[in-house]
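Please read the numbered points with the structure open.

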Amino acid sequence: MSLTFVTLGVGDAFSALRYSSCLAFEAEGQVLLVDCPHPIRKMMREASQSSGVELDVDRVSGLVLTHLHADHSSGVEGLGYFSFFVLKRKLRLLAHPEVKRRLWEGHLAAGMEDLIRKPGGEPQRHEFEDYFEPLALSTEEAVRFGPFSIECRRTYHHVPTTALRIRAGGRCLGYSADTAYDEGLITWLAEADLVVHETNYGVHTPYEKLAALPVELRAKMRLIHYPDDFDLEASNIEPLAQGRRYTV
């Protein structure tokens, strides 16, 4: 058994070079998507070609949302519709209750609540549960989902956001999601075998803070959500490459 992931996107909200940050984990033949920017199917198709890992919506067992900023959640409507209309099944969606709280009314309802089901018919009202099967993540205990065990921790960000520890196959990956620099979060993530941490401007984590961490921690850390002008060659922490498969 093993835990692997493919980087569908590694960029930030303003990137002109890369897709927004998104990871596809795989263990025991199941795929767990972490965040879902648009255009998610195109991202999966291109990552499949570059990584050799077959990825499409029919292989996605579940979607984890870290927060509701568009560069992390703009593809949820399309993914939900594809599951509903094409696959004839609900999309299993995992999120902390504070993240999920405004997902429907504040994000998806405007485009998904009314559907005309046949030509000439009247729109029918739909709810979140018509498209999605929700599963709540907790900051108190791990949640089991297929071969994955998922823990979460709140981060310091503009909107409710959760960092993750994902375990499968005897390995653990820590993912910071979007966050300002937080020593407590770094300690929490450092328990993992591999740490994927964001870096960016503003209320995000400065590269200089991460570059000053102990060498043994930097050795098992990878960078994501970096801006287009980030100097990849000069970084003393390995930046993730878009479309590549990694083993934890």
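1. Phenylalanine 132 counts as buried, at 1% relative accessibility. The model under discussion is a predicted one. The ring of phenylalanine 132 forms a tilted pair with that of tyrosine 131, because the planes stand at 55 degrees, with the centres 6.2 Å apart. Tyrosine 131 is likewise assigned as buried, its relative accessibility being 0%.

2. Phenylalanine 132 also pairs with phenylalanine 128, and here the arrangement is stacked: the centres are 4.8 Å apart and the planes form an angle of 25 degrees. Since its relative accessible area is 4%, under the 20% limit, phenylalanine 128 is buried. The charged end of lysine 100 sits over the ring of phenylalanine 128, at 4.8 Å from the ring centre.

3. Which residues make up the aromatic cluster? Its members are Tyr81, Phe84, Phe85, Trp104, Phe128, Tyr131 and Phe132. The count of aromatic pairs in the model comes to 12.

4. Strand β2, residues 22-27, has 6 of its 6 residues buried and is therefore largely enclosed by the rest of the structure. Cys22, Ala24 and Glu26 point one way from β2, whereas Leu23, Phe25 and Ala27 point the other way. In a regular strand, side chains alternate between the two faces of the sheet.

5. Strand β2 has antiparallel partners in β1 (residues 4-9), over 5 bridges, and in β3 (residues 30-34), also over 5 bridges. Glutamate 26 has valine 31 in β3 as its bridge partner. A hairpin is formed by β2 and β3, with 2 residues between them; in its turn, glutamate 28 has a positive phi of about 50 degrees.

6. On the β1 side, valine 6 stands opposite alanine 24 of β2. Is valine 6 buried or exposed? With a relative accessible area of 3%, valine 6 is buried. Beyond residues up to four places away in sequence, the contacts of valine 6 include Cys22, Leu23 and Ala24, together with Ala47, Ser51, Val53 and Leu55, and also Gly243, Arg244 and Arg245. Valine 6 and aspartate 182, which are 176 residues apart in sequence, have a C-alpha to C-alpha separation of 26 Å.

7. An open sheet of 7 strands shows mixed pairing, in the order β9-β10-β11-β12-β13-β14-β15. Its edge strands, β9 (143-145) and β15 (238-239), each pair on one side only. Strand β9 runs antiparallel to β10 (residues 148-154), to which 3 bridges join it. Valine 143 stands opposite isoleucine 150 in β10.

Conventions
Residues are numbered from 1 along each chain as its sequence is written. This is a predicted model: local features need pLDDT of at least 70, side-chain atom pairs count only at pLDDT 80 or more; totals for chains, interfaces and linings use all residues. Side-chain values use heavy atoms; hydrogens and water are left out. Buried means under 20% relative accessible area, exposed over 50%, partly exposed in between (1.4 Å probe, protein chains only). Helices (H or I, at least four residues) and strands (E, at least two) are DSSP runs, numbered from the N terminus. Two strands pair if DSSP finds at least two bridges between them. Contact means heavy atoms within 4.5 Å. Rings of Phe, Tyr and Trp (its six-membered ring) pair if their centres lie within 6.5 Å; planes under 30 degrees apart count as stacked, over 60 as edge-to-face and the rest as tilted. A charge sits over a ring if NZ of Lys or CZ of Arg is within 6 Å of the ring centre and within 35 degrees of the ring normal.
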